[in-house]
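Please find some comments on the model below. They begin with confidence and end with the surface.

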Amino acid sequence: MKPVARKALRFTVYVLFILLAALQTSAARAQTPTPPSDDAVNAIARELFCPICQNTPLDVCPTEACRQWRELIRQMLAEGKSEAEIKQFFVDNYGARVLSAPPAEGINWLAYIVPPVMFLGGALLLFQAFRTWKRTAEEPADGAAAGKRSAPAADDEYVSRLEAELKKRR
Amino acid sequence: MNESTQIPPRRPVPVWAQIFIWTGLLVLLGFLAVALFRAQQPIIKEGSAVPDFTLSLFDGYEYNGAEQVNLLELRGKVVVINFWASWCVPCEEEAADLEAAWRLYQPGGEVVFLGVDYLDPLNGLTYLTKFDITYPNGPDTQGRISSIFNRNMGVPETYFIDRQGVLRYIQIGPFQSAGEIQAIIDWLLAEQ
Amino acid sequence: MLAQFGFGVLVLTFLLALYSAGAAITGYVRKSFRWVESARLAMQLTFPLTTLAAGTLVYLLATNHFELQYVWSVVSRDMPLYLKMTALWGGQAGSLLFWSWLMSAFASAVTLRKWDRDREFLPWVVIVISVTLAFFLAMNIFFLDENPFARLWQTMSGDVVLGVFQPAGTFALTPSDGQGLNPLLRHPGMIIHPPMLYLGFVAFVIPYAFAMAALITGRTDDRWIRITRRWTLVAWLFLSGGLVLGMRWAYDVLGWGGYWGWDPVEIAALLPWLFGTPFLHTVIIQEKRGMFKQLNMVLIIVTYVLVIFGTFLTRSGVLSSVHAFAQSAIGPMFFVFIGISLIASFGLLIHRWGDLRDETSLGKMSMLSREALFLLAALLFGGFFIVSFWGILYPIIYEILSGQKITFGPAFYRLPVAVILGGLMVLMGMAPLSSWTFGSLKTIGRAIWKPAIPSAIAAVTIFALGMKNWLALTGFTLVAFVIFVTLYEFWRAAWGRHKTQGENIFAAFWNLFRRNRRRYGGYIVHIAMVIMAVGIIGIEVFQTTTQKSLAVGESLEISGYSIRFDSLAQFPTTDGRWVTRAVMSVSRDGKTLGELYPRYDLYPDGQPMTIPAVRSTLADDLYVVLVNWEDISQSQAPFKVYHNPLLIWLWIGSYIFIGGILVTAWPEKDS
């Protein structure tokens, strides 16, 4: 039990680390000379969500408001603002919903911790079961003990017969 | 060990697991029930008190010399709160009517109009200049004010608050005429 | 008149469903075969009745009966006939009726089977299905907003009210034209997508009903699984097909260059699939080994609850999403139904938990046996489920607690889902080679080296060809591995037949499929899955995009292609759309490859629709969109181009996939 738990802990830390790293990768990007290209604007808009629509990334949102927001990004880029500053501006003005995932701070840690913890809980249960099975499996297996269903169903019987035949021929 | 390779014993679900499962299910259902309840109901109903909020005004706008307005300080006056956005086409239909109504009531000092610019790119001031809007206006930063009134704000929406700070009338969508606005305000002014 | 007739039929069906459930209970209590038989026949009769009701509505839709609120809201005069008829599921009220119709079709089909060996299941199966059917019919009947047969009436004061019958003091209101279907939904994919999903959803009711019957009667052998095996496959086929069609629609119509946006409504449709898929696998083990009975019960119960849950989420207004379903009064009904299903199912399951013990001891199972690998796969699907479910649930909880909205976009899902899909591919490659119960490193190792060698060669080749992205390299290697393992399995068995039975190798292949369709059909599905994975890796890892405003004659460059803006035309169509259409020519290394026509349609109601032009080849897709339409002029227009490598394999894989399931599920002569 103990080593399993420790392994699990290490795994949790590892998973969390990966998740954090994924969050950070979208940080700074090189600034573009004026006027910023559509691609530079879209690169940032892609990471933001339209504040007034539901679940629509800003780079593909067709509404007039979104077009204006993209223009806003272009202006800010032209002023030399970094991607992080632009995102912060959007969060300050329109709320955390513009981010494509909430920042892992405060209560929002829950968003990132709960799935791995639950998954590991399931994994632990499974490994626990495996260990008991394995222990018994290491004892010599006698065919009769496996109960009434130990005779594999038809297709398996067929395949194993084939394999036996093949072996003989070799 | 060999006996156990026959049919395993009948093992019911342990009590702790049962408690765990039922609690989990009930918590889940509880959250869904609350979410459903909230989705079904408007946050604020006509007849209920409006929670306090502070609106920071745009540059060039002021109320009683201050750069922000606090709803609580407006107690005793009839308050008209209009949510709009520069990208909102129907808002333009009613902009002139609202301003006309404001100019009508401003001298009396008993009615206050507040314009709240709902999640707008930086074109709010352009819009205000275009329609020559003079009553206090400010941005709805992070949607904090609109979320008091309606989680799914669909501008324009206008809320009328009486002298006691109670929400009395909700207008979803634009007004057709300045007369409509006046009728509601006069009704609230008539109360003491 | 006709509308009232349709409504009457609905009410009659509702009563019949209730009667059917009541008669089944009576039959069970009194041990009366005749009551149960009567319940069975009543359930059978619901299908002709709902057919009549749905047929009536289709007729009303096709003949422009705009005095009906539903017809008015989804049909307009300019719509072609087939769109008017398929508007049956274009709105909420109609799609509920359509759902009921499908469910009664399945219910009737179930009553037609031979029940001699499973008499004790019959009353409970009838009760579960009839109650579910009655629930869906009730929403059409008891909520005027959801009643497809409700008419528009006008009061003297000018208000418009709804009612099946004329309310006092009103007169009939007949609008001259309807609103028409949302243009986004006027796409072949969107016409087939909802019925496919609904079929998948509804078909899962059947295995669930049998599982409940097994729990209630205490007949815990694998009989319920054997009966419902094909139903489950059919449900899974339609659910998978519905999901793929949804992707296709998103790709072809929405114009954002992708096929899956992690929108909550998409996820809600995916959730049952994440439980249904491991269920398909673990039932095999219960059939063969008498194991995992408890797990199978859990899986089917959760699958069914998720079907209802997904419908609830998308139609109750709890979720805010791009998928437009107006919030409505049916939310509380769905909630109560989910609550009852969950509590009753889990209560029963806990009650029977001890009886569902395995028939053979698990004591002999090793960690690398096929059973263990199936369990691992179920765990990974569980992980996938948790991530997706939490991505929907957390924003709901967060909004309750803080009043603020948050969004979970692709950034949240991408990494965990990629890891899980990778793990599933590893298992897809290992499980077919492992043996039941006694699998060990040695036995797997003995089988695995043959397919591993070509996979390694494939990996090295891909690397040598310049693939330096480790994520894609891992993915493609796993794809190769699964394909080689599966082909090896085919070859091993066919060669065996060839050697032992002297059949020629092609006949051996053919007989293989005939003799064990489930296994080899399943392998085809595996191959299809990893082929789809090729497309997904292609677009997720290698998608590039660029946007530029072009004057006529100018071109933009993307991934070696040159796309030139040749001309632009604007013209009206007969159905009132105003179309803006650009002509672009695509070339590569100076060689012209063809023309593309990205379009922008403005519907009469002001709704815009951007229709991308796509050039698909086996290697890549070029996807061109006209964007920022207000800047468009005859001489200058802004274009956004996506280069989606390998995407076509997602669609190719899905065709193979459907073929594989058909091989597996096609009825056999003996049963």
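Predicted model: local features only at pLDDT ≥ 70, side-chain atom pairs only at ≥ 80, totals over all residues.

1. Residues 321-325 of chain C need caution: pLDDT stays under 50 over this stretch.

2. For chain C as a whole, the mean pLDDT is 89, and 97% of the residues reach 70 or more.

3. Chain C has 671 residues, of which 61% count as buried. Its secondary structure consists of 19 helices and 13 strands. When contacts in chain C between residues at least 6 apart in sequence are taken, 69% of them join residues at least 24 apart.

4. Helix H5 of chain C spans residues 92-111, 20 residues in total. From its first C-alpha to its last it reaches 29 Å, close to the 28 Å expected at 1.5 Å a residue. H5(C) is mostly covered, with 17 of its 20 residues buried.

5. The accessible surface of chain C is about 25,300 Å²; carbon and sulfur atoms account for 66% of that surface.

6. Which residues form a nonpolar patch on the surface? They are Leu2(C), Phe5(C), Leu52(C) and Tyr59(C), with about 360 Å² of accessible area together. Helix H1 (2-29) and helix H2 (33-62) of chain C each supply at least two residues of this patch.

7. Leu52(C) lies in helix H2 of chain C. Its relative accessible area is 40%, so Leu52(C) counts as partly exposed. That value also passes the patch cut-off of over 30%.

Methods. Residues numbered from 1 in each chain as written. Chains lettered and ligands numbered in written order. Heavy atoms only, no water. Patch = residues over 30% accessible without salt bridge, like charges linked within 9 Å, V, L, I, M, F, W, Y side chains within 5 Å. Areas by Shrake-Rupley, 256 points an atom, 1.4 Å probe, with all protein chains shown as cover. Salt bridge = Lys/Arg side-chain N within 4 Å of Asp/Glu carboxyl O. Helix = DSSP H or I, 4+ residues; strand = E, 2+ residues; numbered from the N terminus. Buried < 20%, exposed > 50% of the residue type's maximum accessible area, 1.4 Å probe, protein only. pLDDT = per-residue confidence, 0-100. Contact = heavy atoms within 4.5 Å. Expected span 1.5 Å × (residues − 1).
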